[in-house]
Amino acid sequence: MSLTINDVKRIAHLARIEVSETEAQATLVKLTGILGLIEEMQAIDTKGIVPMSHSQDVVQRLRADVVTAVNQREAFQKIAPAVEDGLYLVPKVIE
Amino acid sequence: MQWEVVIGLETHTQLKTNTKIFSGASIKYGAEPNTQADEVSIALPGVLPVLNAEAVRCAIKFGLAVNAEIAPRSIFARKNYFYPDLPKGYQISQYELPVVGKGSLTVQVGDQEKTVRITRAHLEEDAGKSVHGAQEGMSGIDLNRAGTPLLEIVTEPDMRSAAEAVAYAKKLHELVQWIDICDGNMQEGSFRCDVNVSVRPKGSEKLGTRREIKNLNSFKFMQQAIEYETQWQIDTLEDGGTIHQATVLFNPDTGETRAMRSKEEANDYRYFPDPDLLPLAISPADIDAVKANMPELPEAMKSRFEQQYGLPAYDAAAITASKAMADYFVATIQAFGGEAKQASNWVMGSLSAKLNEAGLDIINSPVSAQALAGLLKRIADNTISGKMAKDVFEAMWAGEGDADTIIAKKGLKQVSDSGAIEAIVDQVLAANAVMVAEYKAGKEKAFNGLVGQCMKASQGKANPAQVNEILKKKLA
Amino acid sequence: MINASLKEMAAALSAKKISSVELTQLFLARIKSLNPDLNAYITLDEARTLAQAKLADVRIAKGDVAPVTGIPFAQKDIFCAKDWRTTCGSRMLENFIAPYDAHVINQFDHAGAVNLGKTNMDEFAMGSSNETSYFGKVKNPWDTTRVPGGSSGGSAAAIAARLCAAATGTDTGGSIRQPASLCGFTGLKPTYGVVSRYGMIAFASSLDQAGPMAKSAEDCAVMLNVMAGFDERDSTSLQRDKEDYTRDLNKPLAGLKIGLPKEYFAEGLSAEVATVVQEAIAHYRKLGAETVDISLPNTQLSIPVYYVIAPAEASSNLSRYDGVRYGHRAAEYTDLLDMYCKSRAEGFGAEVKRRILIGTYVLSAGYYDAYYLKAQQIRRLIAQDFEEAFKHCDIIMGPSAPGTAFKIGEKADDPVSMYLQDIYTIAVNLAGLPGMSIPAGFANKLPVGLQIIGNYFDEARMLNVAHAYQQQTDWHKQMPEGME
């Protein structure tokens with residue numbers, strides 16, 4: 001599975017990270033190297049093996065449906081890049 | 001060319017919990033922007049999700065209500081995409097292993113019964129809201145809604161007409177309110193339907209390419225949108241065009257569906273199991289606990305009404321179309337203590353007619369179940385005739401008081417005194433010799449005319465049954 | 001005092017031989033003097049720090065004292081601390097003032113400890129040399145032309161140079177153990193789920209764990225008592241009976257079976273490091289332990305598996321950094337898409353971007369099965385290797401890192417070479433097991449660490465094993481020249 005520059009651009013778009021033409025080229029080289037490292041996995045037969053997400057066989061704990069949060073809008077919006085009337089401002093989303 | 005439309009629905013229901021699905025922030029509607037957006041809701045660095053027990057109970061309730069499999073183990077997955085109302089840059093949802101599996105819902109479409117198969121239902125979190133026009137060229141983001149628990153209910157593409165789709169949506173809408181997992185408020189966005197529509201030549205087994213109509217929040221618009229979209233697809237194909245997969249929006253002003261402009265390549269959501277959450281385990285004991293607290297379901301109640309109250313199937317179905325109506329009916333019967341069919345006639349008839357006319361839900365009926373029972377009692381004990389009762393009902397609706405008050409005030413008590421009625425009958429017979437002669441000559445209709453005259457003479461207050469009886473006797 | 005253990009400091013504070021304010025000022029002075037060169041700390045706030053010390057003195061006077069009350073600790077800048085700038089080593093959070101406390105910070109606060117400041121780290125915990133921090137490289141106090149290791153490089157340098165009594169770190173693929181090895185101190189990564197991750201800025205959720213970094217195993221045990229415990233805000237936090245991790249420190253080692261994985265003593269391990277580690281193991285035999293040869297056959301695979309799972313989880317965890325609600329937003333952009341792309345391109349460094357891209361790739365349509373799913377399957381095989389091994393031994397030992405501290409800049413341009421630093425530590429995170437590194441000696445005048453890997457929840461025994469060695473040796477007491 002060799003990576004192309006178009007792959008890099010596609011992934012960069014999915015990840016919403018701007019990558020210039022020159023950067024894309026350099027990135028392609030580095031990513032190809034890393035993918036080479038990962039390829040080793042393909043040699044292993046993993047048929048029938050259950051994927052492991054957590055080391056302990058525990059299940060999700062449930063939370064009581066009780067309000068515990070208080071209004072902290074002021075504190076949270078103090079650190080926001082742009083707010084108005086309690087709303088976070090972003091460039092308009094065109095549908 | 002005969003075409004067939006194939007429709008499937010995905011419905012997002014906001015669950016009636018106190019808090020969000022993954023944090024302890026309130027989900028009460030109408031709060032000031034971002035005052036119910038806690039650190040988890042705004043996805044600050046380092047925050048983590050913990051699952052709301054009540055949301056799980058709601059999911060189990062739904063599964064039971066549609067006879068579905070409830071997964072003993074289900075997994076939460078991240079659906080990754082960027083949007084300002086999605087603070088984490090991913091939505092926590094369920095992908096390969098949802099909490100509720102295959103079930104079904106049977107709906108009445110006209111006089112036909114249709115069973116719609118439910119593929120699955122899964123838990124996920126709602127996104128925030130985007131408010132336009134805050135500033136020129138800017139949108140304002142409110143994250144109060146972000147994290148509200150949703151149950152997404154998906155059907156197989158089993159529906160074959162807009163009518164079937166709407167019937168299903170209405171039934172589902174009622175069901176989720178019936179089992180009290182959703183308030184069904186479509187204006188507030190508690191119940192949102194996306195409709196997948198495709199067409200194919202009749203008889204074909206293969207599915208056509210589907211387009212998804214998003215964010216329909218009224219049944220009227222759903223009907224219009226599906227009809228328009230169906231025709232549009234047929235026209236496109238008949239003109240030699242192809243249907244491309246797309247998300248479309250319905251414009252209620254123009255009545256048309258239009259593909260969304262921003263439709264680029266299909267989104268790559270990169271689903272993977274959320275490592276911050278553990279598998280959701282539901283045991284038979286958990287399911288039993290929910291079952292024990294479930295209200296009687298509509299189907300069961302319908303059957304019981306047929307048995308217990310001797311109601312015909314049609315009536316039983318109409319009365320159990322909504323929990324509120326069923327509750328009203330039961331309250332009426334309990335206060336009335338008389339014939340169930342009387343109660344069902346009035347609820348399905350005059351009451352429903354007035355409610356529809358006024359655009360009211362039965363919960364907000366100006367005539368309570370107790371009041372209606374009072375009226376029914378006066379009919380049953382012959383204080384007033386059935387016909388007179390209609391007028392009394394109108395007055396009750398208008399807020400003039402209960403049945404007894406109105407009957408007394410307007411002096412509407414039925415005349416049941418045989419002597420008085422005899423006198424009236426004698427009077428009418430004397431004054432209508434022609435009609436009497438016609439009747440005696442064999443014209444049956446003349447009898448009704450005489451009855452009418454008696455009712456008129458008594459200002460409608462004479463007991464019609466007695467009038468009939470005494471007239472017959474005197475004409476014999 | 002700067003070389004005192006936590007127990008000694010606590011005793012001195014209790015006996016009023018020194019106040020918390022004085023002790024704290026001692027370290028603050030050292031920081032002023034040595035930090036400009038070492039760059040161990042990103043954020044200091046003397047006023048806030050001393051205010052905490054004052055409060056601690058009040059507590060101590062009342063006799064309301066926990067083992068860490070009044071003692072100054074350095075906090076890795078990955079823990080959100082309320083009203084403290086919390087950067088995670090990134091330009092993305094350059095001006096982020098955390099509005100809430102991480103669970104770990106809470107625990108130290110409640111125990112009356114003092115926060116000396118936020119230590120430097122590889123950006124978003126991605127690195128093994130602390131060279132990727134937006135706030136500059138950290139120097140290894142043993143040789144300032146060399147790296148301290150990473151990602152907890154700032155905490156590591158702070159301990160080695162005695163710029164704190166002890167420090168916290170986090171370990172996703174070795175980020176506590178490898179710096180501990182390269183900087184000559186004791187660091188422990190607990191069993192996954194023992195320390196709450198709430199408020200700890202996420203890198204790879206299924207691998208991240210916070211842990212103590214200190215001058216001795218005993219100190220680590222004291223710290224673990226503060227850090228460990230159930231937190232209802234973290235779904236992966238385990239509900240277990242409270243443990244006293246110091247309880248077994250002095251147990252005799254006779255009968256201990258130490259497993260030596262043959263894969264950890266093979267190609268790739270520097271000869272000098274191998275020698276030091278073997279000597280340490282020989283010492284254990286003298287202490288009454290016996291060694292047993294074991295095999296962890298899938299060791300090599302741990303690298304590709306890690307470099308699929310960690311970037312995948314990270315790529316998703318880092319999506320929230322979009323300039324909308326906090327963090328860096330580009331100054332100029334044409335529309336929403338441009339705002340996202342520029343903010344993230346400017347906010348993240350090269351290594352972080354690389355890992356996000358790899359992570360995005362391995363999760364993307366068509367590749368999930370071949371990469372992410374496959375990696376999770378091999379992960380189970382790796383965990384099973386350990387399960388099998390622990391049938392034949394009580395504890396596993398080996399080197400913590402393949403070499404000693406390398407030169408600054410030596411591996412910065414070669415990500416793969418950098419990744420191979422983690423060869424001995426990564427499998428432990430994948431399996432969720434506890435792991436430690438303790439100083440075992442020197443090679444070419446640079447520290448060498450011995451790694452101790454325990455079975456799930458066996459931290460108390462590991463600390464006992466480490467403590468026994470530290471009672472008999474003084475590698476852990478050494479301090480770099482010129483740092484007095």
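A residue is called buried under 20% relative accessible area, exposed over 50%, and partly exposed in between (1.4 Å probe, protein chains only). This is a predicted model, in which local features need pLDDT of at least 70 and side-chain atom pairs count only at pLDDT 80 or more, while totals for chains, interfaces and linings use all residues. Residues are numbered from 1 along each chain as its sequence is written, chains are lettered from A and ligands numbered from 1 in the order in which they are written, and side-chain values use heavy atoms, with hydrogens and water left out.

We begin with chain C and chain A. Their contact, meaning heavy atoms within 4.5 Å, takes 70 residues from chain C and 47 residues from chain A. The size of an interface is often given as the accessible area lost when the parts come together. Buried area here is the accessible area (1.4 Å probe) that two parts lose on being put together, summed over both. For chain C and chain A the value is about 5,200 Å², with 70% of it on carbon and sulfur atoms. On the chain C side, the residues that lose the most area to chain A are L357(C), Y361(C) and R380(C), which together account for 12% of what that side buries.

A salt bridge is a side-chain nitrogen of Lys or Arg within 4 Å of a carboxyl oxygen of Asp or Glu. Between chain C and chain A the count is 1 salt bridge. K342(C) and E18(A) form a salt bridge, with their closest N and O atoms 3.4 Å apart. A polar contact is a pair of N or O atoms within 3.5 Å; within protein, one must be able to donate a hydrogen and the other to accept it, and residues adjacent in sequence count only if both atoms are side-chain atoms. By that rule, 17 residue pairs are in polar contact across the interface of chain C and chain A (both at pLDDT 80 or more).

Helices (H or I, at least four residues) and strands (E, at least two) are DSSP runs, numbered from the N terminus. The elements giving two or more residues to the side of chain C that touches chain A are α9 (302-317), α10 (336-347), α11 (350-363), α12 (369-389), α13 (415-419) and α14 (426-431) of chain C. Of these, α12(C) supplies the largest share, 12 residues. For the classes, Ala, Val, Leu, Ile, Met, Phe, Trp, Tyr, Cys and Pro count as nonpolar, Asp, Glu, Lys and Arg as charged, and the others, Gly among them, as polar. The side of chain C that touches chain A then has 41 nonpolar, 14 polar and 15 charged residues.

Chain A also meets chain B. That contact takes 36 residues from chain A and 53 residues from chain B. The two chains bury about 3,900 Å² between them, and carbon and sulfur atoms give 58% of this area. Across this interface there is 1 salt bridge. D57(A) and R73(B) meet through their side chains in a salt bridge (3.5 Å, N to O). The polar contacts between chain A and chain B number 21 residue pairs (both at pLDDT 80 or more).

On the side of chain A that touches chain B, the elements that give two or more residues are α1 (5-14), β1 (62-63), α3 (73-77) and β3 (87-91) of chain A. Among them, β3(A) gives the most, with 5 residues. Two strands pair if DSSP finds at least two bridges between them. β3(A) pairs with strand β9 (residues 138-142) of chain B in the antiparallel sense, over 4 bridges. Within that pairing, L89(A) has G140(B) in β9(B) as its bridge partner.

Over all chains, the whole structure has 52 salt bridges. In one of them, the side chains of K16(B) and D180(B) meet at 2.6 Å, N to O. D180(B) lies in the loop between α2 (162-178) and β11 (191-201) of chain B and K16(B) in the loop between β1 (3-14) and β2 (51-52) of chain B, so the pair ties together parts that are 164 residues apart in sequence. D180(B) is partly exposed at 41% relative accessible area, and K16(B) is partly exposed at 45%.

In chain C, R233(C) forms a salt bridge with D231(C), the closest N and O atoms being 3.3 Å apart. R233(C) is partly exposed at 26% relative accessibility, whereas D231(C) is buried at 5%. Elsewhere, salt bridges that share partners join R78(B), D274(B), D276(B), R197(C) and D234(C) into one network.
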